[in-house]
Amino acid sequence: MTAKPQTPLQPLIDAVEAAAPLDTPGETVGKTVRNTISPGPIKDALSGTWLGHALHPMLTDVVIGSFMSATLLDLIGSDEDGTAQRRLIGAGIAAYGPTALTGVNDWADAEPTDAAVRRVGLVHASGNAIALGLYASSLVARRKGNHGKGKLLGAAGAAVMGLAGFLGGHLSFTQGVGPNQTVFDEGPEEWAEATASDNLEDGKPKAVVVGDTPVFLLRHRDHVHAIHDRCSHRGCSLADTGELDGEVVECGCHGSRFSLRDGSVERGPATVGQPAYEVREQGGKVEIKLPE
Ligand code: FES
């Protein structure tokens, strides 16, 4: 078990991760999202498959950057009548919808297997919704000429958004929702034995471990395909959960499809492909290595 850092916000994290009453609404929301956004072009667009990178973190920069810039101008002063702040808040409000949609899409794929992720994601989203409401109220107040009230509401929005953003960072960087699941063990750089040739039957996937790396092997006609077995999306084993479709394997967890020829993503929600290996057979052994 990893030791918890004694930081000022650790009590907040502990309280949120232990908040079991959030499970019922969280499961309901997660299930609804997964049923509504099924694998295909819309899910790929929201996940960032087309970008080769999760889309949500990029959009959060727009929302947080716009709102925080408005509050910063309130604090340090601007040489106008508040037009810049109103425009910045308007930009943040406009970007909020797509940002929330990409976030809930990412979270819904992770929450069924991890209660702590479910709870933290729900509080993160709720906090951001509250911050949106505070900034929207701030904009209304400013438009009515009540700049003092607008500044106060904006400052409250910034405080809530800061805490919600902190929980979003915790989701990604501590709970591991989002990183490429193959990045820390891509596979052998020199030829390494994967299995005996006799162990591979035509058309039957086999999972092996080479060094520390789980590897998916498939003899297909006269060729042996080898790709990383841990799905880059959320880490499911392709050999255990996947379904074959010719020279494509479809992950059983969320439906990402990878080419067995080069590991590339044929369909998301994965945003990066699987490491694919060169394969040779000699002396009754199947050997693999990463391409040069
Ligand atoms: S773990 Fe999500 S598609 Fe494979």
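Arg-221 is exposed, because its relative accessible area is 65%, where exposed means over 50%, buried under 20% and partly exposed in between (1.4 Å probe, protein chains only). In this predicted model, Arg-221 sits in the loop between β3 (213-220) and β4; helices (H or I, at least four residues) and strands (E, at least two) are DSSP runs, numbered from the N terminus. The phi angle of Arg-221 is near 55 degrees, a positive value in a residue other than glycine. Most residues other than glycine have a negative phi, and most peptide bonds are trans. A cis peptide bond runs from Gly-268 to Pro-269, with omega near 20 degrees. Pro-269 belongs to the loop between β8 (265-267) and β9 (278-282).

The model is predicted, and local features need pLDDT of at least 70, side-chain atom pairs count only at pLDDT 80 or more, and totals for chains, interfaces and linings use all residues. Residues are numbered from 1 along each chain as its sequence is written, and side-chain values use heavy atoms, with hydrogens and water left out.

The protein chain contains eight helices and ten strands. Along the principal axes, its C-alpha atoms fill a box of roughly 80 × 35 × 35 Å. Of the 292 residues in the protein chain, 43% are buried. Among contacts between residues at least 6 apart in sequence, 58% join residues at least 24 apart, a contact being heavy atoms within 4.5 Å.

The domain assignment divides the protein chain into domain 1 (10-174) and domain 2 (192-289), with bounds that come from an automatic or database domain assignment. The C-alpha centres of domain 1 and domain 2 are 37 Å apart. Domain 1 contributes 13 residues to the contact and domain 2 contributes eleven residues. Between them, the two domains bury about 800 Å², with 56% of this area on carbon and sulfur atoms; buried area is the accessible area (1.4 Å probe) that two parts lose on being put together, summed over both. On the side of domain 1, Pro-39, Thr-49 and Asp-109 supply 50% of the area buried against domain 2, more than any other three residues. At least two residues of this side come from each of α3 (41-47) and α5 (83-110).

Between domain 1 and domain 2 there are zero salt bridges, defined as a side-chain nitrogen of Lys or Arg within 4 Å of a carboxyl oxygen of Asp or Glu. Four residue pairs are in polar contact across the interface (both at pLDDT 80 or more). A polar contact is a pair of N or O atoms within 3.5 Å; within protein, one must be able to donate a hydrogen and the other to accept it, and residues adjacent in sequence count only if both atoms are side-chain atoms.

The structure has one disulfide, a term for a pair of cysteine sulfur atoms within 2.5 Å. This disulfide joins Cys-236 to Cys-253, with an S to S distance of 1.9 Å. The pair links distant parts of the chain, 17 residues apart: Cys-236 is in the loop between β4 (223-228) and α8 (238-241), and Cys-253 is in the loop between β6 (248-250) and β7 (257-259). The disulfide is left-handed because the torsion about the S-S bond is about -95 degrees. Cys-236 counts as buried at 19% relative accessibility, whereas Cys-253 is partly exposed at 32%. Cys-231 is buried, with a relative accessible area of 2%, and Cys-251 is buried at 3%.
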